[in-house]
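This report describes one protein chain for a reader who is new to structural work. Please keep the sequence and the structure in view while reading.

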Amino acid sequence: MLFRSVRRAFERPAPVATNLAAVFIDNDSLKVFNDQFRYTWPWPRSLHGRLVRELKLQGAKAIGFDVFFIELQPDYAETRVLIPGRGKVSSDDYLGAQLAEAKNVILGIPGETTEHQWRALAPADVFRTNAMAIAHATSDRDSDCILRRARPFKDDPALGRVWHLGIRLAA
């Protein structure tokens, strides 16, 4: 009986959302940026800033990152970016400026559990204060080490309730 129900579900065409997109950083894109642009991971934050700018210009209503920006990167002259009216700024400051300008970026954050209490590892201030919101982008393994579910929110003692990245994007 269950098999027939599953088969019927697959026979019906499912509605497809035309207003969603994902940008993946995979091995192929890492190779392209390594080979053609001489960047290694982690990429300068200016690249993420340029992505935010382009997605906003293309009409993205919300942008979510599950790349974590917990710490600042060193400020190298070759990764500085010219912002009209501000001069050359660090790669981190450029991303912060693009987050502030876009006003629609949700930054995923990891966390750690110590003494049965989950604590968020928040982004560096230049990112956290310029992003629209932060959201947890983690899943907990079951006792057999399999990932089966993601919690809709986690409570942090300092930040309060931190909703899951997928839920924040959907909202």
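This is a predicted model: local features need pLDDT of at least 70, side-chain atom pairs count only at pLDDT 80 or more; totals for chains, interfaces and linings use all residues.

In which loop is the place of Cys145? Cys145 is found in the loop between S7 and S8.

Cys145 has a positive phi of about 70 degrees although it is not a glycine. Most residues other than glycine have a negative phi. With a relative accessible area of 51%, Cys145 is exposed, because the cut-off for exposed residues is over 50%. Arg149 also lies in the loop between strand S7 (133-136) and S8, and it is exposed at a relative accessible area of 53%. Leaving aside residues up to four places away in sequence, Arg149 touches Ser139, Asp140 and Asp142. The C-alpha atoms of Arg149 and Ser139 are 6.7 Å apart in space, while the two residues are 10 residues apart in sequence.

**The chain as a whole**

The secondary structure of the protein chain comes to six helices and nine strands. Along the principal axes, its C-alpha atoms fill a box of roughly 65 × 45 × 30 Å. Of the 171 residues in the chain, 30% are buried. Among contacts between residues at least 6 apart in sequence, 59% join residues at least 24 apart.

**Two packed helices**

Two packed helices are described by the angle between their axes and the distance between the axes. Helix H3 (residues 45-57) packs with helix H4 (residues 91-102) at an angle of about 20 degrees, and their axes are 7 Å apart. H3 is therefore roughly parallel to H4, since angles under 35 degrees count as roughly parallel. The crossing in which H3 passes H4 is left-handed. On the H3 side the contact is made by residues including Arg45, His48 and Val52, and on the H4 side by residues including Asp92, Tyr94 and Leu95. The residues of this contact divide into five nonpolar, five polar and six charged.

Lys103 lies in the loop between H4 and strand S4 (105-109). Lys103 is not a glycine, yet its phi is positive, at about 65 degrees. With 61% relative accessibility, Lys103 counts as exposed.

**Aromatic pairs and a cis peptide bond**

A pair of aromatic rings is described by the distance of the centres and the angle of the planes. The count of aromatic pairs comes to six, and two of these pairs are set out below.

| Pair | Centre to centre | Angle between planes | Kind |
|---|---|---|---|
| Trp41 and Trp43 | 5.2 Å | 70 degrees | edge-to-face |
| Phe153 and Trp163 | 5.1 Å | 65 degrees | edge-to-face |

Trp41 counts as partly exposed at 41% relative accessibility, whereas Trp43 counts as buried at 6%. Ring pairs link Phe33, Phe37, Trp41 and Trp43 into a cluster. Trp41 is also joined to Pro42 by a cis peptide bond, with omega about 5 degrees. Pro42 has its place in the loop between helix H2 (27-37) and H3.

Phe153 lies in strand S8 (residues 153-156) and Trp163 in strand S9 (residues 160-163), so their pair ties together parts that are 10 residues apart in sequence. Phe153 is partly exposed, with a relative accessible area of 22%. Trp163 also counts as partly exposed, at 33% relative accessibility.

Definitions and conventions
Residues are numbered from 1 along each chain as its sequence is written. Side-chain values use heavy atoms; hydrogens and water are left out. Axes are lines fitted to C-alpha atoms, for helices over the stretch in contact, and angles run from 0 to 180 degrees between N-to-C directions. Helices (H or I, at least four residues) and strands (E, at least two) are DSSP runs, numbered from the N terminus. Angles under 35 degrees count as roughly parallel, over 145 as roughly antiparallel, 65 to 115 as roughly perpendicular and the rest as oblique. A crossing is left-handed if the near helix is turned anticlockwise from the far one by less than a right angle, and right-handed if clockwise. Contact means heavy atoms within 4.5 Å. Ala, Val, Leu, Ile, Met, Phe, Trp, Tyr, Cys and Pro count as nonpolar, Asp, Glu, Lys and Arg as charged, and the others, Gly among them, as polar. Rings of Phe, Tyr and Trp (its six-membered ring) pair if their centres lie within 6.5 Å; planes under 30 degrees apart count as stacked, over 60 as edge-to-face and the rest as tilted. Buried means under 20% relative accessible area, exposed over 50%, partly exposed in between (1.4 Å probe, protein chains only).
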